[in-house]
Amino acid sequence: FDTQLDGKGILNGTVTASENDMVLVYIPGTSFYSIQKGSGPFVINSLPEGTYKVTAAIVQKTADTGRYVIHKESASQSVTVVSGKTVSLFFTVAGD
């Protein structure tokens, strides 16, 4: 996989969270996201060049639809993605 050929970059990083929290790292207004349980690494591939607001949030599954919904937004950071490069972010999120 060569990101230099497709004009896109990679966003990666680490989330610190409670082991039982479901964490969504996403870029509002786009379809780019990563979801995980508890602490650990995340990766969002194939991002077009640009500056993005990246948000980490605690999500919960609804009883009626079984879909995940944002329970609590924890942090946002601005990041600039450059073609062929990887940029890293670090989030700490906390549920109630």
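I shall speak about confidence, then the core, and then the surface.

This is a predicted model, in which local features need pLDDT of at least 70 and side-chain atom pairs count only at pLDDT 80 or more, while totals for chains, interfaces and linings use all residues. Residues are numbered from 1 along each chain as its sequence is written, and side-chain values use heavy atoms, with hydrogens and water left out.

The average pLDDT, the predictor's confidence in each residue from 0 to 100, is 90 for the protein, and 94% of the residues score at least 70. Over residues 1–5, pLDDT stays under 50. For that segment the model has 10 contacts (heavy atoms within 4.5 Å) beyond four places in sequence.

I turn to the interior. A nonpolar core is a set of buried Ala, Val, Leu, Ile, Met, Phe, Trp, Tyr and Cys residues joined through side-chain atoms within 4.5 Å; buried means under 20% relative accessible area, exposed over 50%, and partly exposed in between, with a 1.4 Å probe and protein chains only. The largest such core has 18 residues, and Leu11, Val15, Val25, Val54 and Phe91 have the most contacts inside it. At least two core residues come from each of strands S1 (8–16), S2 (22–26), S4 (40–48), S5 (50–61), S6 (68–81) and S7 (86–92), strands being DSSP runs of E, at least two residues, numbered from the N terminus. S5 gives the largest share, four residues.

Leaving aside neighbours within four places in sequence, Val25 is in contact with residues including Val15, Ser34, Val54 and Phe91. Ser34 lies in strand S3 (residues 33–37). Is Ser34 buried or exposed? Ser34 counts as buried, at 13% relative accessibility. Beyond four places in sequence, Ser34 touches Val23, Leu24, Val25, Phe42, Val43 and Ile44.

Finally, the surface. Tyr68, in strand S6, is partly exposed, with a relative accessible area of 40%.
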